[in-house]
Amino acid sequence: GDIKWFAKSSGTTSAKSKYIPVTKESLHDTHYKAAIDVILIYLMNNPLSGIFSGKALTLGGSHKIGQFSNNALYGDLSAILIENSPFYAELIRTPERKIALTEDFEKKLELITKITINQNVTSLAGVPSWFLTLIKYILESGKKTSLPEIWPNLEVFFHGGISFTPYRELYKKLIP
């Protein structure tokens, strides 16, 4: 398909970021399909799940868009995914797209906390390192020590982008 977007990598395999071509077809045939597959696998293994009784809190990267030319843009893959997500994602996702795509990360943390602290959040989706920052911010704002105190129906964290191993013990304390 036509390449309209380039996802800017974080440069974890070398010191330099790479630009990965993204097409509408690749969004739907890989990223969104994979998300649906992961949710279905989770539901098959947890038939009594209540994840659809609440909201999926998603946290993406910066929406700051760079421009290679009049026809090609680049930015964080997570922002590209959120911006182009299917309409039905808006029915279960929190915060709304406009807030999820807020460029200033500190402002984004503040807005997400204000909106979600009193919602029924049943699942989380995002990068573990970014979420750790958000979770600590939410816990401090709510004067709590663990997420079940804020979201008692939280049951799963769908994560990617980096290895979860270095964060596992921290998350066990935050989500016992």
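Biologist: Which residues have the most contacts inside the largest nonpolar core?
Modeller: In this predicted model, they are Leu57, Leu124, Phe131, Leu134, Ile135, Trp151 and Tyr171. The core has 22 residues.

Biologist: What makes it a nonpolar core?
Modeller: Its members are buried residues of nonpolar types, joined through side-chain atoms within 4.5 Å. In soluble globular proteins, nonpolar side chains tend to be buried together.

Biologist: Which elements give two or more residues to this core?
Modeller: Strand 3 (55-59), helix 5 (105-116), strand 7 (121-126), helix 6 (128-142) and helix 7 (168-174). Helix 6 gives the largest share, six residues. Apart from this core lies another, of six residues, including Trp5 and Tyr32.

Biologist: What does Tyr171 touch, not counting residues up to four places away in sequence?
Modeller: Pro128, Phe131, Leu132, Ile135, Phe157 and Phe164. Contact needs heavy atoms within 4.5 Å.

Biologist: Why is Lys33 with Asp37 called a salt bridge?
Modeller: The closest N and O atoms are 3.3 Å apart. The cut-off is 4 Å, so the pair counts as a salt bridge. Both residues lie in helix 1 (residues 24-45), four residues apart, about one turn of the helix.

Biologist: What makes Glu110 and Lys107 a salt bridge?
Modeller: Their side chains meet at 3.8 Å, N to O. That value is within 4 Å, so the pair qualifies. They are about one helical turn apart because three residues separate them in helix 5. Glu110 is partly exposed at 40%, and Lys107 is partly exposed at 37%.

Biologist: How many salt bridges does the structure hold?
Modeller: Five. One of them joins Glu169 and Lys172 at 3.6 Å; both lie in helix 7, three residues apart. Salt bridges that share partners join Glu90, Arg93 and Arg97 into one network.

Biologist: How do you know that Lys143 is exposed?
Modeller: Exposed means over 50%. Lys143 has 73% relative accessibility, so it counts as exposed. Lys143 lies in the loop between helix 6 and strand 8 (156-159).

Biologist: Which residues does a cis peptide bond join?
Modeller: Thr94 and Pro95, with omega about -5°. Most peptide bonds are trans. Pro95 is found in the loop between strand 6 (93-94) and helix 4 (97-100).

Note on methods:
Residues numbered from 1 in each chain as written. Predicted model: local features only at pLDDT ≥ 70, side-chain atom pairs only at ≥ 80, totals over all residues. Heavy atoms only, no water. Buried < 20%, exposed > 50% of the residue type's maximum accessible area, 1.4 Å probe, protein only.
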